[in-house]
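Trainee: I would like to learn how to read this structure, one feature after another. Where do we begin?

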2 protein chains.
Amino acid sequence: MEKNILKIGIIGLGVVGTGVVKTLFGFDNIEIKKIAVRNINKKRGVDFKNLTTDPFEIANDPEIDVVVEVAGGIDPCLEVFKTAIKNKKHIVTANKELLAKHGDEIFSLANENNVTVLYEAAVAGGIPIIGPIKTTLRGNSFNKVMGILNGTTNYILTKMEEDGLSYEECLKQAQALGYAEADPTNDVEGFDTMFKIAILANIVFRKKIDYTKIYREGISKITSTDIRFADELGYKIKLLGLAQKTNEGSLDIRVHPVLVSASSTISKINNATNTVLLEGYPVGSVMFTGPGAGEAPTASSVVGDILAIASEISYTDTILPSSRVRNYENAVQEDILSTKNSYYIAINAQNAIGVIGAIGSICAKNNINLQSIIQKGIKEDNTAFIVVITESAFEADIQNTIKELKAKNINVTSLIRVI
Amino acid sequence: MEKNILKIGIIGLGVVGTGVVKTLFGFDNIEIKKIAVRNINKKRGVDFKNLTTDPFEIANDPEIDVVVEVAGGIDPCLEVFKTAIKNKKHIVTANKELLAKHGDEIFSLANENNVTVLYEAAVAGGIPIIGPIKTTLRGNSFNKVMGILNGTTNYILTKMEEDGLSYEECLKQAQALGYAEADPTNDVEGFDTMFKIAILANIVFRKKIDYTKIYREGISKITSTDIRFADELGYKIKLLGLAQKTNEGSLDIRVHPVLVSASSTISKINNATNTVLLEGYPVGSVMFTGPGAGEAPTASSVVGDILAIASEISYTDTILPSSRVRNYENAVQEDILSTKNSYYIAINAQNAIGVIGAIGSICAKNNINLQSIIQKGIKEDNTAFIVVITESAFEADIQNTIKELKAKNINVTSLIRVI
């Protein structure tokens with residue numbers, strides 16, 4: 001780095017990349033040397049001439065100090081990162097999927113080469129969360145991190161709640177507004193939240209996380225009936241990423257819809273807003289709320305990381321040990337079957353007569369105590385719709401219960417955990 | 001600093017000091033060399049032998065790298081800091097009053113001596129806020145910072161709301177629980193919030209703030225009637241510290257009770273919880289919520305600052321320029337009279353006949369449009385209690401209106417700004 005000007009190359013000039021370029025125009029200690037894009041001739045929101053279609057040009061450019069990646073996807077980013085790191089370049093990235101899947105490899109290589117990898121933008125967009133965990137909150141030992149980490153699903157759930165519409169109708173609205181993609185799987189089935197909670201758990205608990213062991217369930221099976229009954233029972237439904245330490249020191253990490261009390265602060269986080277809640281000692285419980293995506297908010301986090309690197313290497317010509325990424329031991333990860341939760345269970349019984357009695361005895365046999373039960377009449381076709389909230393029970397016992405109920409033609413149509 | 005052990009001296013071993021000592025026992029790169037206390041023989045929650053009653057012993061000890069101050073008050077802290085800084089020691093402090101009143105002097109001296117002053121714990125206890133503003137959010141230009149910055153007053157307002165009790169009864173409860181001091185003036189009259197918003201505005205807007213120019217009003221005049229009418233109109237009452245940039249670039253900084261919409265997230269922050277809301281570009285709006293005081297949460301922030309210094313000086317033997325405190329230009333601060341707000345006005349009229357008409361014409365004459373008006377009957381003594389919410393109006397016009405109403409025996413018993 002010469003004359004205190006940090007030279008960066010950017011990979012990706014979509015929504016976030018454009019935001020980053022616009023914001024960096026305000027900082028005279030940062031020079032954007034080159035930007036890699038898919039299509040050079042596309043019309044863009046910023047005027048920048050030095051484009052390339054080859055991201056390896058950036059990874060191999062000896063003048064570039066930092067590679068900023070806001071393109072997404074594994075290929076070619078993983079190979080580009082490896083090349084760049086071997087060339088002693090620092091990395092700033094918003095790529096949650098790449099970090100969740102290949103973080104270990106990338107971080108090890110970065111340590112070997114004395115460079116850092118910063119990724120504030122990979123989780124919860126503009127909300128400062130990785131920085132505070134690594135710095136201001138460093139004196140803490142955490143037992144839980146959880147949050148609403150995906151704006152698309154939170155928007156859909158908010159609309160279902162507010163307008164009484166079905167999942168499908170709200171998804172269409174979200175797609176029309178650009179909140180959801182044409183193929184919404186990554187968001188609505190919880191993959192995006194899974195990558196983010198894997199990244200958060202890694203930093204919060206200082207363990208390597210195997211993302212393939214994270215239990216994952218999306219929101220596509222949530223019905224407007226579930227939303228209505230939850231409301232009646234004093235709950236809202238949110239898709240949460242959750243990672244918590246068990247008494248044995250293992251980690252219980254999962255992504256699924258949750259019934260949260262309507263009086264809790266987390267239940268008020270609506271639309272595309274994200275929130276992250278941390279519990280630890282000595283700090284207690286802290287919550288960070290803000291925009292989880294979008295050009296400008298994500299650019300805020302990317303630029304914060306770039307400025308952090310500029311500030312360290314302008315003075316020491318390298319990155320402080322405290323700013324480097326860490327490689328931790330593997331976490332012991334709990335299986336969902338061994339976790340304990342309360343459950344919301346919606347039941348559609350073919351033959352209404354005696355169904356409450358059957359539910360009661362099957363639950364009791366499986367060590368499940370019921371906390372609330374709602375049945376509103378019997379339908380003309382002699383079926384009944386019943387909603388049950390259980391006390392805390394083992395997931396394995398709940399799964400057995402569902403099987404035994406099914407054998408008696410009592411079908412569980414929704415199973416949602418309650419916290 | 002030798003062998004990568006940071007040596008610190010602590011001033012104050014009360015609630016927060018005890019929390020800091022307990023937390024630091026978990027870190028083998030930090031050695032507590034000495035602690036200054038008022039009374040050496042007092043029984044304490046931690047076992048630490050090397051006590052002194054003279055804080056200057058710490059400021060002058062050549063082996064101490066960092067002076068950690070958690071005692072509070074101006075005297076002797078200001079002189080102790082100046083001595084310590086001249087002796088090239090870094091400072092970590094939770095002293096909001098000292099920083100709001102003498103920050104300039106302390107920061108200038110720290111810059112001259114190449115040391116840093118960190119104070120995450122001075123604002124909003126355990127909530128990471130100063131760190132994120134200075135680091136992760138550094139690429140932003142902010143236009144507003146506001147928050148619930150005092151747990152005592154938020155606790156009292158929450159109890160008034162929930163239990164329908166008077167201010168005096170809730171204050172007594174808060175005192176009995178240890179949330180309020182025997183002389184509660186510093187909290188309930190808004191001084192504590194004023195110091196904190198002065199510190200936040202300094203960092204957020206990068207300007208020197210004159211705390212004596214901050215408009216300040218506490219909660220001691222809020223009545224249970226105000227709480228009830230606010231509720232009926234869809235609002236909660238909160239004591240806020242607020243600093244915002246005007247269109248002319250000056251700063252509008254103030255502390256006073258505010259009617260906030262009952263549907264806003266800030267209205268749900270109850271009891272002793274604090275929250276800080278930031279608005280800027282590119283990040284948008286972010287909110288940080290958590291415990292604003294207490295042994296453990298405050299210790300979390302103090303320890304975070306100590307570890308930050310340990311990490312920098314273990315490697316570079318000094319503090320990075322980016323971590324140093326800054327001295328900025330003086331802010332231009334707005335007078336409350338030139339600000340625009342909506343207002344909640346409670347009126348007690350001696351003679352009820354024709355009072356609505358009089359209010360209407362006096363308001364109109366002063367350019368004040370009414371948004372809502374509630375009068376519920378006329379009392380037996382021919383007085384009326386009326387509540388008005390205005391549209392946005394100049395404070396100067398509102399103050400004139402109050403004088404003119406008073407001249408007609410129409411008394412304004414409460415005036416609360418609405419945001």
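Mentor: Begin with axes and angles: axes are lines fitted to C-alpha atoms, for helices over the stretch in contact, and angles run from 0 to 180 degrees between N-to-C directions. Helices (H or I, at least four residues) and strands (E, at least two) are DSSP runs, numbered from the N terminus. This is a predicted model, in which local features need pLDDT of at least 70 and side-chain atom pairs count only at pLDDT 80 or more, while totals for chains, interfaces and linings use all residues. Residues are numbered from 1 along each chain as its sequence is written, and chains are lettered from A and ligands numbered from 1 in the order in which they are written.

Trainee: At what angle do helix α6 and helix α7 of chain A pack?

Mentor: The angle between α6 (residues 151-163) and α7 (residues 167-176) of chain A is about 125°, and their axes are 9 Å apart. Angles under 35 degrees count as roughly parallel, over 145 as roughly antiparallel, 65 to 115 as roughly perpendicular and the rest as oblique. α6(A) and α7(A) are therefore oblique to each other.

Trainee: Which residues of α6(A) and α7(A) make the contact?

Mentor: Two residues are in contact if their C-beta atoms, placed from the backbone, lie within 7 Å. From α6(A) come Thr152(A), Tyr155(A), Ile156(A), Lys159(A) and Met160(A), and from α7(A) come Tyr167(A), Cys170(A), Leu171(A), Gln173(A) and Ala174(A). For classes, Ala, Val, Leu, Ile, Met, Phe, Trp, Tyr, Cys and Pro count as nonpolar, Asp, Glu, Lys and Arg as charged, and the others, Gly among them, as polar. The contact of α6(A) with α7(A) has seven nonpolar, two polar and one charged residues.

Trainee: What angle do α3 and α4 of chain B make?

Mentor: Helix α3 (residues 77-86) and helix α4 (residues 96-112) of chain B pack at about 15°, with axes 10 Å apart. That makes α3(B) roughly parallel to α4(B). In α3(B), Cys77(B), Leu78(B), Phe81(B), Lys82(B) and Ile85(B) meet Leu98(B), His102(B), Ile106(B), Leu109(B) and Ala110(B) of α4(B). By class, this contact has eight nonpolar, one polar and one charged residues.

Trainee: In what order do the six strands of the open sheet in chain B lie?

Mentor: Strands of a sheet pair through backbone hydrogen bonds, either parallel or antiparallel. Two strands pair if DSSP finds at least two bridges between them. In chain B the order is β3-β2-β1-β4-β5-β6, with parallel pairing. The edge strands β3 (51-52) and β6 (117-118) of chain B each pair on one side only. β2 (residues 30-36) of chain B is joined to β3(B) by two bridges, and Ala36(B) has Thr52(B) as its bridge partner in β3(B).

Trainee: How many residues does each chain give to the contact between chain A and chain B?

Mentor: Chain B gives 43 residues and chain A gives 43 residues. On the side of chain B that touches chain A, α11(B) gives the most, with 13 residues. That side divides into 20 nonpolar, 19 polar and four charged residues. Strands also link the chains: three bridges join β12 (residues 284-291) of chain A to β12(B), and the two run antiparallel. Thr289(A) stands opposite Met287(B) there.

Trainee: Into which domains is chain A divided?

Mentor: Domain bounds come from an automatic or database domain assignment. For chain A they give domain 1 (6-126 + 294-323), domain 2 (138-291) and domain 3 (336-418). The centres of domain 2 and domain 3 of chain A, taken over C-alpha atoms, are 24 Å apart. Their contact takes 15 residues from domain 2 and twelve from domain 3 of chain A.
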